[in-house]
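Welcome, and please have your viewer ready. We will go from stop to stop, selecting a few residues each time and looking at what is there.

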Amino acid sequence: MRQTPQISKLTSLRAGFALLSIFALSGIATQAFAADPAPMAPAAEAKAAVPGKPKADAAAGEALYSNGDASRGVTACLTCHGPKGQSATATWPKLSAQHAAYTAKQLKNFKEGTRANPVMMGMAATLTDQDMQNIAAYLVQQPASLGVAQNKDTIELGQSIYRGGIAAKGVPACAACHSPTGAGIPSQYPRMGGQWAEYNAAQLMAFREGTRKNSTQMTTIATKLSDQEMKAVSDYIAGLH
């Protein structure tokens, strides 16, 4: 079929317009791609760029705990806390089987000064974060040191406080956080079962008097306890296992 001059002219105009549109879109697309930021590195590469937390070395922790490091002025922990963290006197707490996260936190608090103790602040001052992690990793692997309740006259009071708290004073049951056996909850609450009664009582009093300040929760609880209640519950805890 023959096209009239008008139709032929119209068709040519439409073709020209389409061609111009294609060139225009191509230009826009080129600008858009040029403006895009450089592609991000793969997730694996990005992750590798951020150094991870050093892995705890229990063997290195044992060496430091038992022998110290004279070249850095690190004193052996064994001197006071006994072989494998089982101290022989209530002056020094038992550390065996204590949750690693808790032990490391206490050492860090001593070094930072948020937990005051002249002896331990000096000991912790020479330790690195890696040292603390290593010592904690060693101690958590040691068998728990057992103890016994000594005061039969306060055993019932101590048991009542530990297992049921003191509702009239708003004191929660110790077992709720430290577990019925005193084993605690890893990374949250320390092991207490078998600990020296005198040591636990001294810590409760320190929380109450404000000389130990590295646990707001324990400060709140301790301020509601009398001396007798602290001693009773501490004695009961000593016999838990």
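Rings of Phe, Tyr and Trp (its six-membered ring) pair if their centres lie within 6.5 Å; planes under 30 degrees apart count as stacked, over 60 as edge-to-face and the rest as tilted. This is a predicted model, in which local features need pLDDT of at least 70 and side-chain atom pairs count only at pLDDT 80 or more, while totals for chains, interfaces and linings use all residues. Residues are numbered from 1 along each chain as its sequence is written, and side-chain values use heavy atoms, with hydrogens and water left out.

**Stop 1: the aromatic pairs**

How many aromatic pairs does a search of the whole structure find? There are 2. Begin by selecting tyrosine 65 and tyrosine 138, a tilted pair at 5.6 Å centre to centre with 50 degrees between the planes. Tyrosine 65 sits in helix H3 (residues 58-67) and tyrosine 138 in helix H7 (residues 129-139), so that the pair links distant parts of the chain, 73 residues apart. Helices here are DSSP runs (H or I, at least four residues), numbered from the N terminus. Both tyrosine 65 and tyrosine 138 are buried (under 20% relative accessible area; exposed is over 50% and partly exposed in between, with a 1.4 Å probe and protein chains only).

Now select tyrosine 162 and tyrosine 236, which form a tilted pair at 5.8 Å centre to centre, again with 50 degrees between the planes. Because tyrosine 162 belongs to helix H8 (residues 155-164) and tyrosine 236 to helix H12 (residues 227-238), this pair ties together parts that are 74 residues apart in sequence. Tyrosine 162 counts as buried at 0% relative accessibility, and tyrosine 236 does too at 9%.

**Stop 2: a charge over a ring**

Next, show lysine 94 and tryptophan 196. Lysine 94 lies over the face of tryptophan 196, 4.4 Å from the ring centre (the criterion: NZ of Lys or CZ of Arg within 6 Å of the ring centre and within 35 degrees of the ring normal).

**Stop 3: serine 96**

Select serine 96, in the loop between helix H4 (78-81) and helix H5 (100-112). Is serine 96 buried or exposed? Its relative accessible area is 5%, so serine 96 is buried. Leaving aside residues up to four places away in sequence, serine 96 touches several residues, including Lys84, Gln86, Leu139, Pro143 and Arg191 (contact means heavy atoms within 4.5 Å). Its side chain also reaches the backbone nitrogen of serine 145 at 3.4 Å.

**Stop 4: glutamate 209**

Finally, pick glutamate 209 in helix H10 (residues 197-209). Glutamate 209 is exposed, with a relative accessible area of 55%.

Conventions:
Helices (H or I, at least four residues) and strands (E, at least two) are DSSP runs, numbered from the N terminus. A polar contact is a pair of N or O atoms within 3.5 Å; within protein, one must be able to donate a hydrogen and the other to accept it, and residues adjacent in sequence count only if both atoms are side-chain atoms.
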